[in-house]
Amino acid sequence: MNSLTEIERDSLCELFNISLGAAAKLMGEMVSDEILLTVPNLKLITTDEAKKIEYLVDQDVCTIEQKFVGGIGDGSAFLLFHKSASLEIVKMMMKDYVALNEVSQFEKDALSEIGNIILNAILSNLAKLSDYKIETHVPEFFAGKYEDLPLGRNSKKDNSILLVFIDYKLKGKDIKGYIFFILNFDSIKNLSRVLIEKLK
């Protein structure tokens, strides 16, 4: 089983912490309120393990996927929320501008904007800290059952997934979210080593 050392894991956690801090600032400006985004945990798992996560299997979810290519390798980053959580986020972002029964109409646009901010913050900080050039594709929105999420689409057998648990807090509400960072294990390992040097 592929694994990371404690210091390698810590370096990757720091990347996500820095990135989510920048994303929270931008999102806070959008809603004129303070948003807290934190990384409480990070796990390295396989694609098969990802398909069997107990608290996600058979659940309705909404995701935004950002594919990327570059010196780090080719991969994807997914931002995922349970359906109920995604609707709560939209309600918080839209404030009182829309009626509750109209929230679902704005769900795709609002979550795509959130995903764009968060995932771009991660990838831009990754590029900045590692000196890798990274190109991104247009983000893709998905809503449906978790098991239908294309985590393993066009992936190589040796791809690994960094599963990052995030806390999203606004106006006293605490919403759990997930980031799936899919990349070849050797690339993840190499990235962590580069970050260790840069973050010293």
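## Close-up views of a predicted α/β model

From the N terminus on, the elements of the protein follow the order α-β-α-β-β-α-α-β-β-β-β-α. This is a predicted model, in which local features need pLDDT of at least 70, side-chain atom pairs count only at pLDDT 80 or more, and totals for chains, interfaces and linings use all residues. Residues are numbered from 1 along each chain as its sequence is written, and side-chain values use heavy atoms, with hydrogens and water left out.

**View 1. The overall make-up of the protein.** The protein contains five helices and seven strands; these are DSSP runs numbered from the N terminus, with helices (H or I) of at least four residues and strands (E) of at least two. Of the 200 residues in the protein, 50% are buried. Here buried means under 20% relative accessible area, exposed means over 50%, and partly exposed is in between (1.4 Å probe, protein chains only). Take the contacts between residues at least 6 apart in sequence: 75% of these join residues at least 24 apart. A contact means heavy atoms within 4.5 Å.

**View 2. Helix H1 meets helix H5.** Two packed helices are described by the angle between their axes and the distance between the axes. Here H1 (residues 6–31) and H5 (residues 185–198) pack at an angle of about 80°, and their axes are 8 Å apart. H1 and H5 are therefore roughly perpendicular to each other. On the H1 side, the contact is made by Ile7, Glu8, Ser11, Leu12 and Leu15; H5 brings Ile188, Lys189, Leu191, Ser192, Arg193, Leu195 and Ile196. Sorted by type, the residues of this contact of H1 with H5 are seven nonpolar, two polar and three charged. For the sorting, Ala, Val, Leu, Ile, Met, Phe, Trp, Tyr, Cys and Pro count as nonpolar, Asp, Glu, Lys and Arg as charged, and the others, Gly among them, as polar. As for the geometry, axes are lines fitted to C-alpha atoms, for helices over the stretch in contact, and angles run from 0 to 180 degrees between N-to-C directions. Angles under 35 degrees count as roughly parallel, over 145 as roughly antiparallel, 65 to 115 as roughly perpendicular and the rest as oblique.

**View 3. Salt bridges, beginning with a network.** Glu8, Lys189 and Arg193 are linked in a network of salt bridges. A salt bridge is a side-chain nitrogen of Lys or Arg within 4 Å of a carboxyl oxygen of Asp or Glu, and by this rule the count comes to seven. Another of the pairs joins Lys176 to Asp167, with the closest N and O atoms 2.7 Å apart. Lys176 is partly exposed at 46% relative accessible area, while Asp167 is buried at 11%.

View 4. Glu140 pairs with Lys67 in a salt bridge whose closest N and O atoms are 3.6 Å apart. Glu140 is partly exposed, with a relative accessible area of 34%, and Lys67 is partly exposed at 26%. In the salt bridge of Asp131 with Lys198, the closest N and O atoms are 2.7 Å apart. Asp131 sits in the loop between H4 and strand E4 (134–136), and Lys198, 67 residues apart from it, is in helix H5. Asp131 counts as exposed at 55% relative accessibility, and Lys198 as partly exposed at 42%.

**View 5. Asn125 in helix H4.** Look for Asn125 in helix H4 (residues 103–130). Asn125 is buried, with 13% relative accessible area. Apart from neighbours within four places in sequence, Asn125 is in contact with Leu15, Ile18, Ser19 and Ala22.

**View 6. Asn41 in strand E1.** Strand E1 (residues 36–46) holds Asn41, which is partly exposed at 35% relative accessibility. Setting aside neighbours within four places in sequence, Asn41 is in contact with Leu163, Val164 and Phe165. Asn41 and Leu163 are 122 residues apart along the chain, yet their C-alpha atoms are separated by 8.4 Å.

View 7. Cys13 is buried at 17% relative accessible area, and Cys62 is buried at 1%. The structure holds zero disulfides, a disulfide being a pair of cysteine sulfur atoms within 2.5 Å. In the segment after H5 you will find Lys200, which counts as exposed at 74% relative accessibility. Lys200 and Ser11 are 189 residues apart in sequence, with their C-alpha atoms 9.6 Å apart in space.
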